[in-house]
There are 2 protein chains.
Amino acid sequence: MSNRKQEKLRFQLLSAQLELARSEDRAVVVLVTGHAGTGKGQLINRLNRWLENRLTEVQALVPSEEDRRRPYWWRYWTRLPARGRISIFVHGWAGDALFGGAARRLGKGSFADRLKEIASFEADLRAADITLVKLWLDIDADIQGQHLAKLEADPETRWQVTEEKWQRHSQHAVIQQLGKQLRKATENEDSPWLCLDASPDHDLLTPVVEHMVAAMQGTEKATIARPVGRVPTTPAMPQLADLAGHDSAIDKAEYCERMACAQARLAELARRAVWRGIPVVVVFEGHDAAGKGGSIHRLTSALDARTYRVCSIAAPSEQEHLYPWQWRFWQHLPKDGSVTVFDRSWYGRVLVERVESLIDEPEWQLGYQQILDFEDQLLRHGTVLVKLFLAIDRDVQLKRFKARAVTPHKQHKLTEEDWRNRARWDDYQLAIDDMLAATHRSAAPWSLIDANDKRRARLAVLHEVTVKLVERLQVN
Amino acid sequence: MSNRKQEKLRFQLLSAQLELARSEDRAVVVLVTGHAGTGKGQLINRLNRWLENRLTEVQALVPSEEDRRRPYWWRYWTRLPARGRISIFVHGWAGDALFGGAARRLGKGSFADRLKEIASFEADLRAADITLVKLWLDIDADIQGQHLAKLEADPETRWQVTEEKWQRHSQHAVIQQLGKQLRKATENEDSPWLCLDASPDHDLLTPVVEHMVAAMQGTEKATIARPVGRVPTTPAMPQLADLAGHDSAIDKAEYCERMACAQARLAELARRAVWRGIPVVVVFEGHDAAGKGGSIHRLTSALDARTYRVCSIAAPSEQEHLYPWQWRFWQHLPKDGSVTVFDRSWYGRVLVERVESLIDEPEWQLGYQQILDFEDQLLRHGTVLVKLFLAIDRDVQLKRFKARAVTPHKQHKLTEEDWRNRARWDDYQLAIDDMLAATHRSAAPWSLIDANDKRRARLAVLHEVTVKLVERLQVN
């Protein structure tokens, strides 16, 4: 390629990047994978020289202890670029599948499952305005072998040839085979694979940059094309309407005694879970003034402060808005052997964001499936997931709002927004019903808690968490 | 305490917290330490109930793998609250010193050193508008023993009594002794220790909350009281003025050959450093258009992408502004066995922030000492620290600016700001001279690089990094 043409292409890439940074309307993820000895390092160095480095990140991941103690996809979700930025992933999730498959760390069935997960992850990226550029660097096995030998013979390039590369050379055929399956399973119109012959002296930079520029310029807001609404196997669950007919109130002395018992039991179970390295996620959703905060206090009082975090979810910050909506929840997942309590959660996607029209219907409709996928990741990693919905009646809420208004230390909890939400009670109720119907399933059921009586509700919360821990720990 | 008084105190605390959140003018750190069996957990639970949880964080730290692979203070710097927020540290750095000392993990000398580090860390917090509330919970050894025995006898509280607590009971005397030394060494007018008798049934909440409210209301902007300008042992170094008389230019063929050699050598050394778990920090400072970016590319081309990060430092974001100025640099420190290249760095504190009057003189004057302290932490952890200053002459800068203006892919690099900075050349020169004088020392010297010739400069950069690695790895 002539120098002038190169300069022009370089300028196009940079312009596209600067426009990306200015508009902050999408992020770009470049995934570079394929065979060893195909000059990935050199390609990325050259890309780096053409790109503005302050807006670019290279992610060449060696999973850390922190990564391994979280669900598999945590390492990628938490490393996504913000809108306006470009991240180049070296091998990334594709490499994990390929080399895991080749080394039989991933069995045949797991490999196939992993491909499905990849397709679903990439669909999430597209739905979140992330332009995905996927590069496969190909090379003939013989040429690969000769090239590695030549690099190794030269003292100035010998350092580039690691044992790992020779190993991958010996596995060329199986990597080629798995690569085909991978590309087939994850091929998509909006993010097609670009396969390049990366024999020595082939120019990779030009076709890669041309492809990137086209992808960055050509992208419109992706249409949400994923099938919506796989029907979950729904165990029987009470409807909110069934909550009527409460038990009589419980007196204070009895409550205190039962609470102390429940906390002692929970403390014991939680300690075992921590000791066994089990991660625990407790989700609190519910009506305003249903008593989530008070219940959380009773729950966490039984936990060792070193082992839990309470994560309060409000509207996303400006920074968080630059990422896919799930991003901030991935950030907060507990590592193995710890507990995260979510005071409101990812369910906001199909509750407040739907009711307040913060997103369009196709987005919140897609949200159900995205939530199921997200929770699947937690469950697959072995997380104990407890989902609690604290429900109160409309008139109980009114009483509590009024009480808040006259209690000095509670006044700040009562805002205009609460009254606005209350005015939309029926809309919320519809969204709640839809949410329960779509996301209640045997693997991750909702516990619906009648919270009209605070004491009973708190005991019920501890009971539900206890039951889930007993199930998982298989103790009495 | 009467219920009414309690309600009033609770409201005061909450009001102070809401005011803190509204104004975002400071953060609050509460450090709770002392003997076992003093009800710290209960105290914190109660505080949590009174505070607004969305603005509060409890930090009860078990150091993770990620923590241990960074300089000691990383775990605390990265967990500081943003302005507007409150963090409660359970034992925290005080506990590390106390229990490390009691278990003789910290020898006598190390304990004394640690106390000095604590005093310096706490001074940094005060200088960064963090209100520090320090609580020591005291208990008589006999009463402690009886109390633990009583808790253990009751099935409902037995879970609270861990082995660790009995062990600390057996070490009551030494903990008491070390605690006295700790409090003496870290006592400060603006953040005095509050020592409380925490015998069973003593009310801790009231005095603690009264103390917190007073601290939160009473704080004005701390005067910077730390001694400035400890004189470093300065090895001989060239002044910028001495740069004149450059070697003749180096031709391209020779440059390419020497660069390939240098990269091969560096690659080998870097791989050894990674393998031995040594963290490496390379700092690039220099005039605008001195060629930092190009040098960084040549450097990183010799590194395995999985082992390094380039960290470009621009003006702090809005979010970063909510933390002490050093916070963002702590965030980016490499873990053991990896390399971080800083394209500009913490030296901005005494360069751009000084010259552009973004901070007052006492702040940048204090900056020198803070920088030395920060780098001491890196060195103490075993980090290889390479500090490079790329210097060019005024007329060379002008030539490069003009060249940038006519090269399409370089135009965006040339901004109004560059011309403004150039107009203040002499002010910057003064700041650079002061910086070099104050922060050049044997343990962490500056390498001053004549960057008027790009090729020579790049070779010199690789040479300097190579020399530092050779020194550290003790290889030939």
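Figure 1. S447(A) is part of strand β10 of chain A, which covers residues 446–450. The model shown here and in the other views is predicted. S447(A) is buried, since its relative accessibility is 7% and buried means under 20%. Apart from neighbours within four places in sequence, S447(A) is in contact with K387(A), L388(A), F389(A), E464(A) and K468(A). One of these residues, F389(A), is 58 residues away from S447(A) in sequence, yet their C-alpha atoms are 6.1 Å apart in space.

Figure 2. A102(A) belongs to helix α5 of chain A, made of residues 92–102. A102(A) has a relative accessible area of 9% and is buried. When residues up to four places away in sequence are not counted, A102(A) touches Q171(A), V174(A), I175(A) and L178(A). How far apart in space are A102(A) and Q217(A)? Their C-alpha atoms are separated by 36 Å, and the two residues are 115 apart in sequence.

Figure 3. Chain A contains 19 helices and 10 strands. Its C-alpha trace spans about 85 × 45 × 40 Å along the principal axes. Of the 476 residues in chain A, 55% are buried. Among contacts in this chain between residues at least 6 apart in sequence, 81% join residues at least 24 apart. Chain A carries 68 positive and 65 negative side chains, with the centres of the two sets 4 Å apart.

**Figure 4. A salt bridge between E66(B) and R70(B).** The structure has 55 salt bridges over all chains. One of them joins E66(B) to R70(B), and the closest N and O atoms are 3.4 Å apart. Are the two partners buried or exposed? E66(B) is buried, with a relative accessible area of 12%. R70(B) is buried as well, with a value of 10%.

Figure 5. The side chains of R168(B) and E164(B) form a salt bridge with an N to O distance of 3.3 Å. Both residues are in helix α8 of chain B, residues 163–170. Because they are four residues apart in this helix, about one helical turn separates them. R168(B) is buried at 16% relative accessibility, whereas E164(B) is partly exposed at 29%.

**Figure 6. A salt bridge between two loops of chain B.** R424(B) and E356(B) form a salt bridge in which the closest N and O atoms are 3.7 Å apart. This pair links distant parts of the chain, as the two residues are 68 apart. R424(B) lies in the loop between α17 (416–423) and α18 (425–439), and E356(B) lies in the loop between α14 (352–355) and α15 (361–380). R424(B) is partly exposed, with 31% relative accessibility. E356(B) is also partly exposed, with 28%.

**Figure 7. A salt-bridge network with residues from chains A and B.** Which residues are linked in this network of salt bridges? They are E164(A) and R168(A) from chain A, together with D304(B) and R306(B) from chain B.

**Figure 8. A patch of negative charge on the surface.** E24(A), E318(A), E24(B) and E318(B) gather in this patch. Within chain A, E318(A) is located in the loop between β7 (308–312) and α13 (327–331). E318(A) is exposed, because its relative accessible area is 70% and exposed means over 50%.

**Figure 9. Two residues of chain B with positive phi.** S357(B) is a residue other than glycine, and its phi is positive, near 55°. S357(B) lies in the loop between α14 and α15 of chain B. With a relative accessible area of 57%, S357(B) is exposed. Q474(B) is not a glycine either, and its phi is positive at about 55°. Q474(B) is in the segment after α19 (454–473) of chain B. At 69% relative accessibility, Q474(B) is exposed.

Note on methods. Residues are numbered from 1 along each chain as its sequence is written. Chains are lettered from A and ligands numbered from 1 in the order in which they are written. This is a predicted model: local features need pLDDT of at least 70, side-chain atom pairs count only at pLDDT 80 or more; totals for chains, interfaces and linings use all residues. Side-chain values use heavy atoms; hydrogens and water are left out. Patches are made of residues with over 30% relative accessible area and no salt bridge: like charges are joined within 9 Å, nonpolar side chains (Val, Leu, Ile, Met, Phe, Trp, Tyr) within 5 Å. Accessible areas come from the Shrake-Rupley method with a 1.4 Å probe; for residues, only the protein chains shown count as cover. A salt bridge is a side-chain nitrogen of Lys or Arg within 4 Å of a carboxyl oxygen of Asp or Glu. Lys and Arg count as positive and Asp and Glu as negative; His and the chain ends are not counted. The place of a charge is taken as NZ of Lys, CZ of Arg, CG of Asp or CD of Glu. Buried means under 20% relative accessible area, exposed over 50%, partly exposed in between (1.4 Å probe, protein chains only). Contact means heavy atoms within 4.5 Å.
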